[in-house]
Amino acid sequence: MNERNPADFLSRRAQALADGDDATVVYDDRGFVVDSYDGDQIEREERAALRRVHGLSTELEDVSEVEYRQLRLERVVLAGVWSEGSSEDAENSLRELAALAETAGSQVLAGVVQRRLRPDPGTWLGKGKAQELKEIVVAEGADTVIANGELAPSQRRALEDVVKVKVIDRTALILDIFAQHAKSKEGKAQVELAQMQYLLPRLRGWGESMSRQAGGQAAGGQGMGSRGPGETKIELDRRRINTRMAKLRREIAEMKTTRDTKRSGRRNNNVPSVAIAGYTNAGKSSILNRLTNAGVLVQNQLFATLDPTVRRAETPDGRGYTLADTVGFVRDLPHQLVEAFRSTLEEVADADLLLHVVDGSHPDPESQISAVREVLADVDASDVKEVIVINKADIAAPDVIDRLMRHEKHCIAVSARTGEGLPELLQLIADELPHPDVRVELLLPYERGDLLSRVHADGDVLGVEHRPEGTHVHAKVTKELAGELEPYLTSSVA
């Protein structure tokens, strides 16, 4: 096993988080935001309102308050299996796991990487290496091991039997972060569904309580007619979980109907839509705040915001469109989350334009682009017109930006911190959004100023002339608007 000094990769995880602070923020002496392009950031102040105070506990270990709830910070050791790619790729993946672990509220003590062609089917690491991991856990005083991959139920049990502490995998860790950060009713339902989908095949008995059957008089003393084999505790739990999952799916379907209704309303009003997608902590919310002053939470943290936000914006020439921020992606995003958040991710699939935000300061931005595109393909959004937005250009290496600009067809570099490139981004959005395609010439009576206003708002006005009999307008409009303007047409060319 190739053990890495925790000071080695944990100090360098700044490349995953510390360099990722893309908001221009000034704090007061209490740590609250006093000046920011990101709005009031009330939610961030709420999260910061409970701070850890060391040395006050009367227990052997300090007790802390994190993310609104009191819990004991878990002391974790990270373990990864390096089966493909370079050693740098393996270390970058482990640094990302460290950032995920700290986001979930744990203290990372050490990280180890095991070189194997494929994970061991028994203990994932192999029996000998699992024993070495146990020695590291004991030496560090850890109480949890986090595996940088998805473990089969049998692998997790076998590894726990060796290391004698709790073992969780990357999927369970990401689900825990989503559970902490979900705020809306829909987001909470989606996360709960994903957690139950993950939990169902991993139920196991604890002693006799999960395997004991209840039948006959044990089922309630009902006597004759009620005797039978009964059911084990684990069977009852499976039934309850399946019942709860069915209810959650119905609730999410009802919420999806509401979301579809709003989306169809925007479509009927011919409002173009732009979706922002990208890797977690790439700066999507910061860009949304810069462009629309939305006030969405911005925090140097993975998956800080989960609930989608839709805001109205205008192009420099005055055309309205919607700008939607979506949940961030990550390598090997659990398929349970992709399925549960499918209704939310459909905002991307139905968009007219996709702003794919990339962290230009990341050591391997190309791998982030590939990971995001894999998820977009899963939700049938790979055909949406895409613009690569390289964020954090103020701290990114110039050669990285040049490399991405050469490889990607539609690409622009910006900085949400400094505002660099944002005017160009706004103009690019205006150029790429669909334009009205019906050319018309109108003579509008002066009392129909409402129609003139709609032509200005929803079309491209090519010329206006005020005549005694009314306003002569030469413009391009949508087919729907052209139908309403038909009584006032002097000529029309599609």
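**View 1. Pairing of strands S6 and S8 in the predicted model.** In strand S8 (residues 144-147), Thr144 is the bridge partner of Val76. S6 and S8 pair in the parallel sense over 4 bridges; strands count as paired if DSSP finds at least two bridges between them. Helices (H or I, at least four residues) and strands (E, at least two) are DSSP runs, numbered from the N terminus. This is a predicted model in which local features need pLDDT of at least 70 and side-chain atom pairs count only at pLDDT 80 or more, while totals for chains, interfaces and linings use all residues. Residues are numbered from 1 along each chain as its sequence is written, and side-chain values use heavy atoms, with hydrogens and water left out.

View 2. Buried means under 20% relative accessible area, exposed over 50%, and partly exposed in between (1.4 Å probe, protein chains only). S6 also pairs with strand S7 (residues 106-115), in the parallel sense over 9 bridges. Between the two, the chain passes through helix H3 (residues 87-103) in a right-handed β-α-β crossover, that is, with the strands pointing away from the viewer, the path from the first strand over the helix to the second runs clockwise.

View 3. Val400, Ile401 and Leu404 are the buried residues of H13 (residues 398-407). They cover an arc of only 100° around the axis, so they lie on the same side of H13; the arc is that of the directions from the helix axis to the C-beta atoms. Exposed Pro398 and Arg406 are on the face turned away from the buried side of H13.
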